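Subject: Structure handover

Hello,

Please find the structure below. Some notes on what was found in it follow.

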Amino acid sequence: MQLAEQLREARRKKEILLMTHLVLGYPSFAVNREVIRQMVENGVDVIELQIPFSEPMADGPMIIKANQEAIAGGTKVADCLAFAAEMAAQYEIPFLFMTYYNILFKYGLEDFLRKAKEIGIKGCIIPDLPPEEGEEYLSLASEFALAPIQIFAPTSTEERMRTLAGHGAGFIYCVARRGVTGSKTDFNASFDAYLARCRRATSMPLAVGFGISSREDVQILTGKADIAVIGTATIRLVEEKGPEEVGPFIAGLR
Amino acid sequence: MNKPGYFGQWGGAYIPEVLYETFRELREVYARAKADPAFWQEYLDLMGSYSCRPTPLTYAENLSRHFGGAQIFIKREDLNHTGAHKANNVMGQGLLVKRMGKTRVIAETGAGQHGVACATMAAKFGFACTIYMGEEDVHRQRPNVFWMEKLGATVVPVTTGSRTLKDAINEAFRDWVSNMDTTHYVMGTVCGPHPFPEMVAWFQSIIGQEARKQILAVHGRLPARVYACVGGGSNAMGIFQGFLADPSVELIGVEAGGKGLDTGQHAARLASADASPGVAQGYKTMFLQDADGQMRDTHSVAAGLDYIGVSPLLTDLWEKGRVRFAAATDQEVMTALDLTIKKEGIIPALESTHAFVQAFKEAGELNGDQAIVINQSGRGDKDIFTIAHAFDDPSWKEFIRKKGEEYAAR
């Protein structure tokens, strides 16, 4: 089943879906495995697996540190692919790759996407690959039936959003605010206007990420977005309180 | 037909969506300025009255005699205000910032030269200014930090990654994605996403325009070879543009050989076999990276050359065989610096001295009718701490020890 279909089906049963994120190899694949188990058991609907990169330009301090330490700890792209294959085989929910373009480019774009498809990955989020630079990526993703998730930002015009949506599949990742990952988002009237703009530009499900960290945040998004994205919050939780806290945290989000 | 922002297969604009509109605006303002002769005239007037342009072309008579080959000429970018060619770029971008109506500038800096130049421009034009500088470079280039702060800039030491230039660039982008409405990112070199490589090269082309006229006036014909050091590549692109259309002029870019190309501790992207094509920091070029695409640590005595990537314009010219690349080791740099100071009374920056090393290696191959031009991108006297340290100068160390005791006693 393709990503969009799988999400629509899940969405029929729930008011809002949860997408979580983790950095592969940080603090270790063993902890990643435990965190994912708790996420799935507590109802997470889709998981972003970030393949670490040495120059994570769009990320904030917490995820930068996770990227750096994963690489310093010896995490290789091949390990990430093997781990992702294991997770995709074990669980039914969709898994996505999130990483920066150089990881795909250096692996070989076609080889990477073919491999991702083979191991059961449903889509990719590549924040430094706008469609203008991603012609080959977009056509290969379509060939392999992988969703090339497109990103909307508060600075995107409605016209730009329509262009982006035309290149995307699966869902749209709406960045909630300016800035990088990991700091607080103010859900005010201009945020609502932004989400309304996103909604007008596409019929795909809308995921909202950046600064979503609590039940209140998820409640605010319910009815406005289809998917709430929890990124830095769980990485911070694992760091501060250990992986066993992830389950209760996720269970308490909706 | 190339895609906009590409030079051969190199370049592009690999930017996050949140900056899409910001780059659209920048491309527009740049295109309008480029089409407007009054803009270039305003730029020339500013550089003439504020930054000692045109900078002289100095005949290095003693060095020429010493090597007994080509006549050696030095293009004196060190005589720019703030001591390096970086002024050319920041003043140009400063004029664009005024046109865009933005009120704050940010920049990355390695050696600190671009940071000081940017802080100077911000002071003159009345912009708020934040400079991102790798923590390692803050320690290496403390005097430049002092001047940036005196000029009113906030200097942020960057503690992520390898704590050098590439990490400062990442941090500057992270600031920009938050503050693009008020803020312009003054990228310091001919790297990064389109239009930066092309735009910075345009401002730096003033070096080559002057140098071509000057060498023709003093030598009567074109030089045989032109040498420039290459970190990101802005001073090299600046001077090379004056001679790109002259096939008889050989262009040589000199990268940081660090502790030697065979040690892996260097920053030679095109002169070594260690780099491979990649996409990072918003553009495609040859990067020093591992098999997974993770960027490697680089090394150079010169902070301004200590960088993983290189201008897409230069990678294209290298691939096409128009620019030849060489590397100079830290040790060769210190020897050439000493010789230049003693023979000519000129103190090039450690970065610029890389170009001198290669020129000195080759000057003897040429005859006395031929000329070579070395681009002295910056001056070394402001690097007194680094240079004194690199020379391991005993009386300087004694002075620092005493100064330390003096402060400790207060």
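**Helix packing in chain B**

Helix H5 (residues 113-125) of chain B packs against helix H7 (residues 142-150) of chain B at an angle of about 10°, with their axes 9 Å apart. Helices (H or I, at least four residues) and strands (E, at least two) are DSSP runs, numbered from the N terminus. Axes are lines fitted to C-alpha atoms, for helices over the stretch in contact, and angles run from 0 to 180 degrees between N-to-C directions. H5(B) and H7(B) are therefore roughly parallel to each other (angles under 35 degrees count as such).

H5(B) contributes Gln113(B), Gly115(B), Val116(B) and Ala119(B) to the contact, and H7(B) contributes Asn144(B), Trp147(B) and Met148(B) (contact: C-beta atoms, placed from the backbone, within 7 Å).

This is a predicted model: local features need pLDDT of at least 70, side-chain atom pairs count only at pLDDT 80 or more, and totals for chains, interfaces and linings use all residues. Residues are numbered from 1 along each chain as its sequence is written, while chains are lettered from A and ligands numbered from 1 in the order in which they are written.

**The sheet**

Chain B has an open sheet of 6 strands in the order S3-S4-S14-S9-S10-S13, with mixed pairing (strands pair if DSSP finds at least two bridges between them). Strands S3 (57-59) and S13 (323-329) of chain B are at the edges, each with a single partner strand, so one side of each has no neighbour in the sheet. S4 (residues 71-76) and S14 (residues 371-376) of chain B run parallel and are joined by 6 bridges.

Regards

Key: Angles under 35 degrees count as roughly parallel, over 145 as roughly antiparallel, 65 to 115 as roughly perpendicular and the rest as oblique. Two residues are in contact if their C-beta atoms, placed from the backbone, lie within 7 Å.
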